[in-house]
Amino acid sequence: MAQQQSVCPICLTHEAKVVSDLDRQGKPLTTLLCDGCGHVFNDPIPTAEELAAFYARDYRVSYKGAARPRGRQIARNFERIERYWRQWAQMMTNRPRMLDIGAGSGEFLFVAQALSHETQGIEPNVGYAAYCRDELGLPVSTATIEDLEKSDAVYDFIRLNHVLEHMRDPVASLERAARHLADDGVIYIEVPDILGYAAAKSRGRMFHYGHISNFSPWTLRAAAGRAGLVEVDETAPVLRNSTAGFFKKGGRWSVEQTHNRANAEQVREALRGHQERPLAPVAKAVHM
């Protein structure tokens, strides 16, 4: 694996190696593994302008195959959200002001509004944000996390569900979100797990231009720690080995605390196992 001098956005180490040069569709995309903490990230990282244009128009089409949400997708999302609310109701019941960053097709906010929460969402994709407003009547702005700088609103509960992996600088993005969190508020963060992906995905079907960061349980918590967030005691025992968690304001991690070469080796082994997996045989057509 070739050595790179790119800086890890989590631990700021200048030690990273190329682990892939193609995306999941076989297009050129360089992906690096940080030797300092095990974070996996794309190189180069797109500019803010490139990402804004991509997420406004192209991302949902390239990833979901549609500019606006489809009925089957919406039904599945509502099922997931209902399970989420049942499982974690205690984390949200007494938190009236809610912000969904990356609101998608709006199912979380729709349920929250039905339960009498004050809701606000931001969604960078034009079609999805319009669907939230026009079809669900939700207060969802066509905006990015950077647009939070224009507001001084404070929320009791902030949700970033499969959003942080899309951010150019995940630590800065979490810091930005935390500035809008009430002192006793909670942020829920969930991202794909690179370890789970390596075990479950077909060989080569891993990386994506839009998924700039690929987290493990450690690097998610390291990013949150550097942003001044600590895991909530009530949920940490259940979620600590996953790439999901409820966080609150707390002590800020130093860069040195994010270093974890054992985690880097674990991620490296998972990726090596993925790359050595035999390709699935192609089914032959049956002519009758």
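Helices here are DSSP runs of H or I with at least four residues, numbered from the N terminus. The model is predicted.

**View 1. Arginines gather in a positive surface patch.** Arg72, Arg76, Arg80, Arg83 and Arg86 make up this patch of positive charge. Arginine 72 sits in helix α2, which covers residues 71–88. Its relative accessible area is 69%. Exposed means over 50%, so arginine 72 counts as exposed.

**View 2. Lysine 17 pairs with aspartate 35.** The closest N and O atoms of this salt bridge are 2.5 Å apart. Lysine 17 belongs to strand β2 (residues 16–22), and aspartate 35 to the loop between β3 (28–34) and β4 (40–43), so the pair ties together parts 18 residues apart in sequence. Lysine 17 is partly exposed at 22% relative accessibility. Aspartate 35 is buried at 8%.

**View 3. Arginine 221 meets glutamate 231 in a salt bridge.** The N to O distance is 2.9 Å. Arginine 221 lies in helix α7 (residues 217–226) and glutamate 231 in strand β11 (residues 229–231), so parts ten residues apart in sequence are tied together. Both residues are buried.

View 4. Arginine 272 is partly exposed, with a relative accessible area of 31%. Glutamate 269 is also partly exposed, at 40%.

**View 5. Shared partners build a salt-bridge network.** Lys17, Asp35, Glu265 and Arg268 are joined into one network. The count of salt bridges comes to 13.

Notes:
Residues numbered from 1 in each chain as written. Predicted model: local features only at pLDDT ≥ 70, side-chain atom pairs only at ≥ 80, totals over all residues. Heavy atoms only, no water. Patch = residues over 30% accessible without salt bridge, like charges linked within 9 Å, V, L, I, M, F, W, Y side chains within 5 Å. Areas by Shrake-Rupley, 256 points an atom, 1.4 Å probe, with all protein chains shown as cover. Salt bridge = Lys/Arg side-chain N within 4 Å of Asp/Glu carboxyl O. Lys, Arg positive; Asp, Glu negative; His and termini not counted. Charge placed at Lys NZ, Arg CZ, Asp CG, Glu CD. Helix = DSSP H or I, 4+ residues; strand = E, 2+ residues; numbered from the N terminus. Buried < 20%, exposed > 50% of the residue type's maximum accessible area, 1.4 Å probe, protein only.
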